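Have the viewer open and follow along topic by topic.

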Amino acid sequence: MRAPTCPCWRHAWPCAVALALLAASGGALAQGVKVGTLRIASVPAGASVELVGGAAGVTPLAVSERDIYPNHYSDARADMYGMVLLRHPGCAPLRHRVTLGDIEQGLQLRLACDTAAAGPLEAPPELSPAALPAAQSFTAAPRPGATLPQRRLRQLQVLQELLDDGLIGPDEEQRIRRRILQAGSSGD
Amino acid sequence: MLQRNVVNMFWALARVAALLLAGAALLAISTRSASAMPEFARRYNLSCAACHSAFPRLNQFGEHFAANNMRLPNWMETSKQLGDTRLALPDHVPLAVRAQAYVQARDGKTIDPLTGATQYAATDFQAPYLVKVLSSAPLSENITYYFYAIFAEKGENGTVLVEDAWFSYANLFRTGIDMMLGQFQISDLMFPREVRLPFQDYMVYRMAGITYDRGVLFSRGAGPFNLDLGFTNGNGINGNLKINSPGYGRPDRMFDNDSSKTVFGRIGAELGPVHAGLFGASGKQRSATGPAGLLGGARDTDKRIFGLDASGQFSPNVYWYVQYLWNAWDGFLDADPARNYHWNGGFAGIDWIPNDRWAFSALYNRDNAGDLARTNTIYEGIAMNSLTLTSSYYFMRNVKGIIELNFDFLDKTRPVGPYFVGHLDKENYILVGFDTAF
């Protein structure tokens, strides 16, 4: 086989120049442009963060987009793909599906940390009509003495059950969760 | 003299490359906060990184998404909420765009096979090279559609070419069989050309004639195996015939010109870390006739293809793939219809994606014209032996600049007869440009 007569073969330096130009421009851009980082903060801070690849650290922390969406993962952990799971002693675990908006703005998650006994359910705001009957089936007998955090925790638990049962979608679940937490924080 | 021209050509290209990169840098900086995301990302509010290891190459989840009827479980929520459970209308027109623009310097020429008349340009602005509009959406629990149309590919302005265009029905009659009906590439069963990283093609697919065709494909998992079985017209996607035997002015058209169909199938399996497959196809094709075999003949001739494919990963960021095809074209040339022509070829490649900014690819195409060599037809040109090196830089997830070098190792040939066919010139090239989807 004869050596190829490609101009680049005989004159490799022009190709090297072109490649170097690309590399130099790329390097400069890589320093100037930052993409694909997710900042995760929680209330309370110090929650352990689990991703599809396993433990990632404790909040507050930043992970790369590729940590959220690895090119390969174990089939056994497929349900964690694109998800963030926060755990904190004394708090209910919180699963959150990462969206583009989260990556742009960062994640601020509030964990439900009151572990007192479940209280009565108040219908979560914006619950879809289809999901409401199911939500009411979880309603315990009214407990006039239940505190606001207890009611909030119960609401969040029911919300998680609705999500797990597929009666509401992740977007709707997130919207309602935020409403519950916001309502709680403004009232506290 | 030629050598000096070539050096000048490369200096000119280097300058053009620098200008393009400077422009791209401005583009990237100016679009830092822009949301440039293709349709699936828009629909599910996901990053491109969810499905692509480096656009357009799919990652594990992207493969899963494609195999799952191109949808996520919450697809219904992305439809317009009209209060009608029997209507899943997309809440926006599901469109995306892919565009490519290149500058190329090359050795290859246009040579008239009959006269030998030559046209040559050492450098070429291939911008736009391609403008493509894509659309896809889930339409029901089981049905998804996908199509794209190309506006202006390789200078074909004034035409619109529809390539992929199909409906898929998942879990047909609850049998676990998925069905696809429409236009698709037979070769997609092995390695989809549309998601490759290099500009250079998987040439053996084109030469074997297993790219776009109209037909139906059935797929099913069976234990450790994936089984695919399909049927196509075998005529490609451009030809059609007007039906006029019932009378004047009938509206319908035929897309096939014989009752025989091409049947094809693949058995795939995971062998440890290797995805491997056996492919087979059998059908008919029109013979080749006329000077240099340029014309389609009147005979339907038998065609058979057998293939082996394998792919895997050397590490989480290094992908490899190999394809081999053996072809039997019985009595293909009218010049010698009693002769059966066998030829073979394939390709092998590696993609290295070290980070979110860079991807590097090497693609080796090797094809042997076999019995078609020295036939003094255009089919001598099946012979190929080239290595392509590609470097892709991602300004954004969906905007990349590429530089690609193609090295041709095949010796030039001289015509063996009256026609100017075969490997008359080298196909070395250098290419610089942009590729984006949004």
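Asn171(B) counts as partly exposed because it has 14 C-beta neighbours inside 10 Å (a residue is buried with 20 or more other C-beta atoms within 10 Å of its own, exposed with 12 or fewer, and partly exposed in between, C-beta atoms being placed from the backbone). This is a predicted model, in which local features need pLDDT of at least 70 and side-chain atom pairs count only at pLDDT 80 or more, while totals for chains, interfaces and linings use all residues. Residues are numbered from 1 along each chain as its sequence is written, and chains are lettered from A and ligands numbered from 1 in the order in which they are written.

**Backbone points to check**

- Asn171(B) is not a glycine, yet its phi is positive, at about 55 degrees.
- You will find Asn171(B) in strand S8 (residues 160-172) of chain B; helices (H or I, at least four residues) and strands (E, at least two) are DSSP runs numbered from the N terminus.
- Asn376(B), also a residue other than glycine, has a positive phi near 55 degrees.
- Asn376(B) sits in the loop between strand S19 (358-368) and S20 of chain B, and it is buried, with 20 other C-beta atoms within 10 Å.
- In chain A, the peptide bond between Thr59(A) and Pro60(A) is cis, with omega about -5 degrees; Pro60(A) belongs to the loop between S3 and strand S4 (61-64).
- In chain B, Phe55(B) and Pro56(B) are joined by a cis peptide bond with omega about 5 degrees, and Pro56(B) is in the loop between strand S1 (52-54) and strand S2 (57-58).

**Sheets of chain A**

- One open sheet has 4 strands in the order S3-S2-S5-S6, with antiparallel pairing (two strands pair if DSSP finds at least two bridges between them).
- Its edge strands, each pairing on one side only, are S3 (54-58) and S6 (94-97).
- On average, neighbouring strands of this sheet are turned by 25 degrees against each other, direction ignored; axes are lines fitted to C-alpha atoms, for helices over the stretch in contact, and angles run from 0 to 180 degrees between N-to-C directions.
- S5 (residues 83-87) and S6 of chain A pair in the antiparallel sense over 4 bridges, and Val84(A) stands opposite His96(A) in S6(A).
- Another open sheet has 3 strands in the order S4-S1-S7 of chain A, and its pairing is mixed.
- The edges of that sheet are S4 and S7 (107-110) of chain A, each pairing on one side only, and neighbouring strands are turned by 30 degrees on average, direction ignored.
- S1(A) and S4(A) pair in the antiparallel sense over 4 bridges, with Ile40(A) opposite Leu61(A) in S4(A).

**Nonpolar cores**

- Which residues touch the most other members of the largest nonpolar core? They are Val49(A), Leu51(A) and Val84(A), in a core of 34 residues; such a core is a set of buried Ala, Val, Leu, Ile, Met, Phe, Trp, Tyr and Cys residues joined through C-beta atoms within 7 Å.
- At least two residues of this core come from each of strands S1 (37-43), S2 (48-51) and S5 of chain A, and from each of helix H2 (39-44) and strand S20 (384-396) of chain B.
- S20(B) gives the most to this core, with 4 residues.
- Apart from it lies another core, of 28 residues, including Tyr205(B), Ala208(B), Phe332(B) and Leu372(B).
- Beyond its neighbours within four places in sequence, Val84(A) is in contact with Ile40(A), Val49(A), Leu51(A), His96(A), Val98(A) and Leu107(A) (contact requires C-beta atoms, placed from the backbone, to lie within 7 Å).

**Hairpins of chain B**

- Strands S14 (residues 262-271) and S15 (residues 274-289) of chain B run antiparallel and are joined by 9 bridges, with Ala269(B) opposite Ala276(B) in S15(B).
- Their hairpin has 2 residues between the strands, and Gly272(B) takes a positive phi near 60 degrees there.
- S15(B) also pairs with strand S16 (residues 295-315) of chain B, in the antiparallel sense over 14 bridges; Ser282(B) has Arg304(B) in S16(B) as its bridge partner.
- The hairpin of S15(B) and S16(B) has 5 residues between them, and Gly290(B) in the turn has a positive phi of about 75 degrees.

Key:
Two residues are in contact if their C-beta atoms, placed from the backbone, lie within 7 Å.
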